[in-house]
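Hello,

Here is the structure I promised to pass on to you.

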Amino acid sequence: VPEQLEADVNSAIIWRAMVTVEDNSGMVDVSLDTTGVNLEKPGTYTACFVAKDSVGNETRQEVKLVLHDNSVTKEMMDQLCSKIVKTIITDDMTTQEILYAVSKYISGNIKYTSEGVHDDVRREAYLGLTTRKKGDCFTFCAASKELLSYLGFESEIVRRRLDLVPERGNHFWLLVNCGTEEEPLLYHHDASPHSKPFNLIWFSFTNTCLLQRNNNLLCRC
């Protein structure tokens, strides 16, 4: 079972085609639990496959389903990323220079506002970089993720939860792998504007550097 599946709202999903099941008995029953999955609404959901053999042995495997607003297709996002990349990235740039260029472009082209929608990364990135031109920290994070993904960087969204750190508030940013899958090299990447004393460009922070600047930081990936 793949760890994550992406699709557009109301699209047909052939769930069974993505599952491989093996058992020494040769007889396996596979069921799917999609309780809580709403195929008509953008967002991130969790479905669960359950495989059971003839004597009752059972294996459960979750898959994350990311549903995108189909008003912004992957093709539209790729075209936008291609246009932006051609203006900010050159072949002779180092990895750190690429991360800096992406962060600088996003922070310079999106205006911060305290309100935003957090249910669709692709749509939020597209609107933030085109027609709306503003958003909260999730918008900056989404735009960074889409551009870096287009450039071949693996990344995960990190969230500082309001209920864990009420004095610091809710916040989203990226953890970017600048190495390989076998030997990851992880850096925090945050294109959102930061007020004093954190008015820095956070495009390449290590865990140690980040925690030294905010030892009350609590987050989850």
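F49 has a relative accessibility of 3%, so F49 counts as buried (buried means under 20% relative accessible area, exposed over 50%, partly exposed in between, with a 1.4 Å probe and protein chains only). W15 counts as buried too, at 12% relative accessibility.

Before going on, a word on the source: this is a predicted model, where local features need pLDDT of at least 70, side-chain atom pairs count only at pLDDT 80 or more, and totals for chains, interfaces and linings use all residues. Residues are numbered from 1 along each chain as its sequence is written, and side-chain values use heavy atoms, with hydrogens and water left out.

Now to the rings. Searching the whole structure gives 3 aromatic pairs (rings of Phe, Tyr and Trp, the last by its six-membered ring, pair if their centres lie within 6.5 Å; planes under 30 degrees apart count as stacked, over 60 as edge-to-face and the rest as tilted). One of them joins W15 and F49: the ring centres are 6.3 Å apart and the planes stand at 65°, so this pair is edge-to-face. It links distant parts of the chain, 34 residues apart, with W15 in the loop between strand 1 (4–8) and strand 2 (28–33) and F49 in strand 3 (residues 43–53). Helices (H or I, at least four residues) and strands (E, at least two) are DSSP runs, numbered from the N terminus.

F138 and F172 also form an edge-to-face pair, because their planes are at 80°, with the centres 5.1 Å apart. F138 belongs to helix 4 and F172 to strand 8 (residues 171–177), so the pair ties together parts 34 residues apart in sequence. Both F138 and F172 are buried.

T139 is buried, with a relative accessible area of 0%. Leaving out residues up to four places away in sequence, T139 touches I110, E124, G128, R132 and K134 (contact means heavy atoms within 4.5 Å).

What does helix 1 pack against? The buried residues of helix 1 pack against helix 2 (95–109), helix 3 (121–129) and helix 4. Those buried residues are M77, L80, C81, S82, I84, V85 and I88.

I hope this makes a handy starting point for your own look around.

Best wishes
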